[in-house]
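Reader: I am new to this structure and would like to know what stands behind the words used for it. Please go through them with me.

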Amino acid sequence: MPAKKKRSASAKKKAQRRRQKRGVPRCGLCGKTKNLTKTECCDTWICDDEDSYVLFSYERNSCSRNHRRFTLCGYHSMEGHDGDWKDCTKCRDAFNTEMYVWYGTNEYNFETLPNPPEYEPTRCTDCGRVIRLGEDSYSLCGGSYWCDRCMATHMSEAP
Ligand SMILES: [Zn+2]
Ligand SMILES: [Zn+2]
Ligand SMILES: [Zn+2]
Ligand SMILES: [Zn+2]
């Protein structure tokens with residue numbers, strides 16, 4: 001058995017510094033420490049970066065916007081539901097299962113949905129490719145989903 005190593009003073013200092021670092025407020029999504037605000041929905045530190053969003057750009061580069069728009073936590077709070085979003089039946093009923101799971105488990109969440117329900121993947125009506133509704137671009141046409149590729153072909157074939 002090796003003798004127990006004594007922790008050196010410098011190691012102790014390092015540990016201290018680490019602790020202090022952890023005490024600094026950080027964005028719960030990207031870890032930045034500058035220009036933070038607290039989310040209205042769950043009182044968590046997040047980048048105050050709503051301004052960096054370019055209108056209609058559909059870019060997902062704003063932490064606060066992403067959390068508010070693309071999570072059940074944000075939705076639940078915006079809709080004024082009661083209780084915890086994780087067991088809110090109104091939220092569950094508001095989306096199809098795939099989107100519900102995506103909203104509850106994507107990277108914009110601080111906490112993710114425990115035991116997300118299973119669902120059948122959505123497939124393109126034409127080519128059968130799996131469409132991830134939260135991530136991929138697609139078109140919804142008469143109740144069927146089209147992947148962007150097939151939609152493009154479809155459009156160019158149209159008279
Ligand atoms: Zn951030
Ligand atoms: Zn939240
Ligand atoms: Zn809700
Ligand atoms: Zn397709």
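Reader: Among contacts in the chain between residues at least 6 apart in sequence, what share joins residues at least 24 apart?
Author: That share is 28%. The model is a predicted one. A pair counts as a contact because its C-beta atoms lie within 7 Å.

Reader: How many helices and strands does the chain have, and in what pattern?
Author: There are six helices and six strands. Along the sequence they follow α-β-β-α-α-α-α-β-β-β-β-α.

Reader: What makes a residue count as buried?
Author: A residue is buried if 20 or more other C-beta atoms lie within 10 Å of its own. Of the 159 residues in the chain, 21% are buried.

Reader: Why is helix α2 called mostly covered?
Author: Six of the eight residues in α2, which spans 63-70, are buried. They are Cys63, Ser64, Arg65, Asn66, His67 and Arg68. Each of these six therefore has 20 or more other C-beta atoms within 10 Å of its own.

Reader: Which elements do the buried residues of α2 pack against?
Author: They pack against the strands β1 (36-38) and β2 (45-47), and against helix α3 (72-78).

Reader: What lies between β5 and β6?
Author: Two residues separate the strands, which form a hairpin. Gly142, in the turn, has a positive phi of about 55 degrees.

Technical notes
Residues numbered from 1 in each chain as written. Chains lettered and ligands numbered in written order. Predicted model: local features only at pLDDT ≥ 70, side-chain atom pairs only at ≥ 80, totals over all residues. Buried ≥ 20, exposed ≤ 12 C-beta atoms within 10 Å, placed from the backbone. Helix = DSSP H or I, 4+ residues; strand = E, 2+ residues; numbered from the N terminus. Contact = placed C-beta atoms within 7 Å. Pairing = 2+ DSSP bridges.
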